[in-house]
Structure formats: C-alpha cells, structure tokens
Amino acid sequence: MDSNLTVTIGIPVYNAERYLNIAINSVLSQTWTDFELLISIDGASDNSADIAQLYTDPRIRLIISNENKGVAFRINQQVQMARGNFFARMDADDIMFPERIEKQVNFMLDNPDFDVIGSQAVVIDEDNKIIGFRHSDTLFTNLSIQKKILFIHPTVFGRTDWFRKNPYSEYLSGVEDFYLWNNTFRKSRFHVFDIPLLFYRDPPSALYKTYNFRQMQMRRALIKLYRKSLMPTSRFCKFYLQSILKAMIYKFLWKINLSGRIVSGRNIPVPPDKLPFYSDILENTIRTNHT
C-alpha cells in the first residue's frame with residue numbers, strides 16, 4: 001500500500017450509463033484531492049465502459065470485466081487493489097457532496113480508534129430531483145443495527161486494512177452490508193455523521209423481483225446471524241416473519257401501482273431551510289464536467 005496515498009474510492013458499475021458521468025464528476029470535484037478512483041465495470045452491457053474511458057485524470061484506474069459478479073465481489077476486489085490507507089464506498093448513480101472525503105478523512109485522522117464511518121444522505125430520484133432525506137442512526141445498539149441497516153451503504157468510509165480483514169459476503173449479495181455490520185459490530189468501532197455527505201439515488205418504486213430477492217437474501221443473512229449466536233431466537237423469528245410479510249405486502253402494492261409508498265416511507269422531509277443549500281450543491285455538481 002502506498003503510504004503517500006490517503007484514499008481509494010471504489011465505484012462498482014453495472015449498466016449505469018445514465019448517471020455514471022455525474023458520479024465520476026462528483027468524485028473529481030472533491031476538495032480532498034489525494035485519492036485514487038477505482039471504477040470496476042461489472043459485466044455491463046451498456047455504454048458504461050465507454051463513458052468511463054472519456055476521463056483522462058491520472059487518479060482514475062479503470063477495470064473492465066465481461067462477467068457480472070455483483071457488488072460484493074467488486075468491492076472486495078477493489079479493497080484488495082486499493083493503494084490508499086482509507087477506502088470509500090460509492091455507487092455509480094449517486095453524487096458526492098464536494099467536502100465528503102475531506103470531512104471523513106479528517107475524522108478518521110483525529111479518531112484513530114474508529115474503523116468505519118458513514119453519514120446521512122439527501123435522496124434524489126431518476127431526474128436528479130430532491131425527494132427526501134434518509135436518516136441513519138448516530139447512536140446504535142446491537143438491536144438497532146439488526147432492526148435497521150446501520151449505514152447508508154454508499155456513504156461508508158473506513159480503514160482499508162479493516163475491509164481486508166472483514167470482506168463482504170458474496171453469498172449475501174443485496175444485503176452484504178447488513179450482514180457485515182452485524183458480524184463485526186462487537187469487535188469494531190463505528191460512527192455516523194449527523195450531516196449528509198451524499199446525494200443518494202433511490203427512486204420511489206423498485207421492481208418487485210428486486211425487492212423480493214433482497215428480502216430473500218435478508219432471511220438468509222438472519223439465519224447465518226442466528227446460527228452464529230449473534231441474534232436471540234425471539235428476535236430472529238420476529239425479523240424473519242417481518243421479511244416474509246414485507247415481500248407479500250410489496251407484491252400486493254406493486255400490482256396496484258402503490259409500491260412506491262414503501263420506498264418513500266424510508267425518507268423524511270428535507271428541512272425547508274436546508275433545501276436551497278442542498279439544491280445549490282446538487283446543481284453545481286451536475287453542471288461540472290471533468291472529461
């Protein structure tokens with residue numbers, strides 16, 4: 001690992017041609033400039049690779065694969081390739097606030113006993129419109145991280161060595177983050193900023209097959225946690241049945257075109273006094289082009 005390089009930012013990409021350039025531009029607009037950006041094309045069948053190849057910034061490393069291995073596989077791969085002391089998660093359709101990396105680096109440098117951190121997020125739709133605020137608990141317990149996923153995943157930032165010692169489960173693609181935090185909570189130190197550092201793209205409605213797959217994977221994760229004695233029987237039964245019920249409700253709402261209510265229910269309104277500030281950041285980042 002290059003001790004002179006602070007951060008590796010990893011973006012796994014699968015058919016994200018509509019948003020990839022905005023995501024990359026938001027990384028290249030960071031106030032913290034000492035980083036490398038790993039872009040992994042995960043068997044994409046669209047023009048994602050062509051878009052990534054338009055960028056000539058020497059900090060970018062592009063890895064193109066014809067095989068679709070999934071997010072968990074690509075993150076693990078990026079962690080192994082990382083030359084930075086810290087590793088930052090990023091999705092191909094999200095947008096970083098300009099000071100995201102700087103704030104997260106400074107916190108980790110000032111708090112060497114912490115392993116992984118995250119932040120709040122402003123939620124946007126397919127058309128880059130702000131539709132809500134996604135809240136992640138800043139005070140958490142064993143119960144809270146089993147009830148609700150600890151971090152908004154693309155806001156995650158941690159020590160590269162920690163991720164190498166604690167890889168994502170590729171078997172649990174879709175809920176790999178939920179399982180990782182629950183599996184490491186007792187031996188790690190986590191922190192969540194009480195401010196947003198990312199525009200998180202989460203359209204109101206997801207395909208039923210996608211939602212159903214993630215609930216199925218969630219039940220697999222719950223079984224693994226239970227078998228490792230990381231979850232009491234009563235809690236396991238409750239959460240397992242809740243997952244089945246959620247899939248059934250979503251299927252019903254999907255059929256009557258109301259499934260977006262479940263996704264929208266995860267958000268809270270953006271404070272009116274903050275909306276102009278977030279809108280300016282979003283618009284300025286979208287207008288910036290580093291190709």
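## A pocket, a helix and a cavity

The second largest pocket is lined by Phe97, Pro98, Glu99, Lys103, Ile195, Pro196, Leu197, Lys274, Phe277, Tyr278 and Ile281. The model is predicted. This pocket holds about 190 Å³ of space. Two elements, β9 (190-201) and α11 (275-287), each supply at least two residues of its lining. By class, the lining residues divide into eight nonpolar, no polar and three charged. Glu99, Lys103 and Lys274 are among the residues of that lining.

Now step back to the whole chain. The protein has eleven helices and nine strands. Its radius of gyration is 19 Å, close to the 19 Å that the globule rule gives for 291 residues, so the protein is as compact as a globular protein of that length. The C-alpha trace spans about 50 × 45 × 45 Å along its principal axes. Of the 291 residues, 51% are buried. Take the contacts with a separation of 6 or more: residues 24 or more positions apart account for 79% of them.

Which residues of α9 are buried? They are Arg235, Phe236, Phe239, Ser243, Ala247, Tyr250 and Leu253. The spacing has a simple background. An α-helix has 3.6 residues a turn, so residues three or four places apart point the same way. The cover over the buried residues of α9 includes α5 (142-147), α8 (208-227) and α10 (260-264). Just after α9 comes Asn257, with a positive phi of about 60 degrees.

The largest cavity has a volume of about 40 Å³. What lines the largest cavity? Its lining is made up of Asp137, Phe140, Ser144, Ile145, Lys148, Ile149 and Leu150. Ser144 and Ile145, both in this lining, fall within the range of α5 (142-147).

Notes:
Residues numbered from 1 in each chain as written. Predicted model: local features only at pLDDT ≥ 70, side-chain atom pairs only at ≥ 80, totals over all residues. Heavy atoms only, no water. 1 Å grid on protein atoms, 1.4 Å probe; cavity = no way out; pocket = protein on both sides within 12 Å on 5 of 7 lines; lining within 4 Å. Points joined across faces, edges and corners; volume = space filled by probe spheres on them. Helix = DSSP H or I, 4+ residues; strand = E, 2+ residues; numbered from the N terminus. Nonpolar A, V, L, I, M, F, W, Y, C, P; charged D, E, K, R; others polar. Buried < 20%, exposed > 50% of the residue type's maximum accessible area, 1.4 Å probe, protein only. Contact = heavy atoms within 4.5 Å. Rg over C-alpha atoms; globule rule 2.2 N^0.38 Å.
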